[in-house]
Amino acid sequence: MSKLQTIIRKLEFEDKNFVIEINSKKKLNYNEIFNNAIQKYSFLSKYKNKKILVVLNNSIDYFEILISTILSGNIFCPIPYFTSAQEIKKTYDYLKPQFVISDKSDLSKIITKNKIINISNIPNNKLVQFNIKKINENAVACIYYSSGTTSDPKGVMYSHQNIYSLINSINKDFNFTYTSKHFVCLPFGHTASINYSIFPSLFNRSSLIISDNFLEIANKFFYFASLYKVTYIQIVPTIAIMLLKIKENIKNYKLNKLKYIGCGSSTLPREIQEKFYKQFKLNLSNLYGLSETGPTHFDNPLNKRWRPGFIGKPLSVNKCKISKDGEILLKGKNIFIGYYKNMRLYNKVFENGWFKTGDLGKKISKDLFQFIDRKKDLIIKGGINIVPAEIEEYIYSFNFVREVAVVGLNDNINGEEIYACITIKTSNTKQDKLVENINKYLRIKLSSFKIPKQIIIIDQMPLTKSGKIKRREAKNIINKKIKTL
């Protein structure tokens with residue numbers, strides 16, 4: 001067994017701590033969850049090293065599939081539940097998994113039916129004994145489909161050793177223990193929930209409380225934190241902003257167990273950190289990491305010298321340094337082992353053994369780093385990575401379109417909002433109708449959160465001498481247009 005499998009195996013003997021679904025009020029201890037997972041294991045154990053695409057809502061079922069996939073030596077490939085059917089199909093075609101485990105009814109229209117397994121249809125065969133598949137430490141445990149820092153398709157291959165090393169470091173550095181209680185309201189397919197709460201809870205066999213999503217419990221967010229005596233919550237900046245707008249009075253809640261709230265996956269403005277503390281007397285920890293590495297730093301608000309605006313100290317699992325041109329470089333056992341079907345890109349993002357994040361940063365002191373900006377053109381909206389090229393490709397499919405630039409502009413709620421500017425081939429084109437048709441087409445092809453807030457037609461696209469679009473200038477043009485509309 002790998003070390004990861006050995007850790008998961010210990011869940012069988014835990015009957016005191018629980019996983020709780022807020023909406024359904026379903027509550028199972030880890031022994032019960034493990035036994036349910038072993039029943040599903042009998043189905044998955046027919047395979048080994050096969051990719052299992054998982055599209056499930058936040059639930060105990062999710063835990064059971066994760067456990068049985070790891071123990072059976074297969075590869076867990078999570079996709080957030082809100083992802084559109086078309087995009088799931090795109091990931092499916094890229095990964096070519098053994099099958100998809102999901103209860104999303106619209107998938108059957110675009111994916112072969114015998115490749116879709118409804119979670120409720122997996123046979124629950126009771127096993128008197130079972131043999132865990134022996135897996136090499138460097139074998140792939142998970143593939144995280146990520147936009148990352150480039151427009152190339154990217155399946156981030158994360159090994160058993162990667163997960164084991166990363167999660168042990170998180171538990172040690174964040175001081176997560178057996179008595180911790182995590183509250184998850186981010187999508188389970190999101191690596192933030194997987195790395196900050198799901199795996200840490202499994203490793204520690206500590207209690208975890210699940211909400212379907214944040215919007216379901218927005219007005220009772222602190223109520224549930226108080227009710228279940230929660231010690232840790234992971235959110236994204238969008239949720240922090242929403243909580244500030246709700247202006248919930250938390251004076252009557254007992255939140256003494258919750259010392260701070262983790263916030264990551266997108267740029268966290270210092271202003272939001274300060275407003276959040278002023279309103280709730282709780283600090284937001286500004287957390288940094290990538291799909292390729294998991295969390296890499298800990299911004300610890302419990303440190304006496306702590307102040308907002310930084311990403312803190314590197315985790316014990318990895319080293320961090322800043323290159324001559326200001327890029328954040330990382331090295332450690334948490335660094336992924338490859339991009340699926342793309343070793344060329346994998347080799348490209350390493351330099352002398354250091355992973356090049358594509359992010360700009362600054363070393364303030366030995367124990368303090370600062371995130372400055374993204375080096376690439378990636379848009380991060382509400383904590384979700386969005387690659388402009390994906391949206392641009394669909395817009396380019398319209399014959400009347402000459403050039404397209406999709407960019408992210410600062411937004412008080414989502415961190416960044418998506419805008420597009422286009423030039424057209426002929427002045428005879430009915431511009432309003434063209435924009436309307438493009439929007440209709442994008443709604444079919446993309447998830448709703450990827451639809452540009454506005455598509456603006458401009459006279460001339462800013463280009464370099466070699467014909468490449470100057471995105472920064474395109475942003476300025478869009479900004480000026482918006483202000484005049």
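Predicted model: local features only at pLDDT ≥ 70, side-chain atom pairs only at ≥ 80, totals over all residues.
Biologist: Let's begin with helix 2. How many of its 15 residues are buried?

Modeller: Buried means under 20% relative accessible area. Eleven of the 15 residues in helix 2 are buried, so the rest of the structure largely encloses this helix. Among them are Y30, I33, F34 and A37.

Biologist: What span should helix 2 have, and how far apart are its end C-alpha atoms?

Modeller: At 1.5 Å a residue, helix 2 (residues 30-44) should span 21 Å, and its end C-alpha atoms are 20 Å apart, which agrees.

Biologist: Now to salt bridges. How many does a search of the whole structure find?

Modeller: The search finds 16 salt bridges. One of them joins R471 and E392, with the closest N and O atoms 3.0 Å apart. This pair links distant parts of the chain: R471 is in helix 14 and E392 in helix 12, 79 residues apart.

Biologist: Are R471 and E392 buried or exposed?

Modeller: Both R471 and E392 are buried. For another case, take K16 and D15, which also form a salt bridge, at 3.9 Å between the closest N and O atoms. Here K16 counts as exposed, at 60% relative accessibility, while D15 is partly exposed at 46%.

Biologist: Which residues form a positive surface patch?

Modeller: That patch is formed by K172, K313, K363 and K366. K172 lies in helix 5 (residues 160-173). With a relative accessible area of 61%, K172 is exposed.

How values were computed. Residues numbered from 1 in each chain as written. Heavy atoms only, no water. Patch = residues over 30% accessible without salt bridge, like charges linked within 9 Å, V, L, I, M, F, W, Y side chains within 5 Å. Areas by Shrake-Rupley, 256 points an atom, 1.4 Å probe, with all protein chains shown as cover. Salt bridge = Lys/Arg side-chain N within 4 Å of Asp/Glu carboxyl O. Lys, Arg positive; Asp, Glu negative; His and termini not counted. Charge placed at Lys NZ, Arg CZ, Asp CG, Glu CD. Helix = DSSP H or I, 4+ residues; strand = E, 2+ residues; numbered from the N terminus. Buried < 20%, exposed > 50% of the residue type's maximum accessible area, 1.4 Å probe, protein only. Expected span 1.5 Å × (residues − 1).
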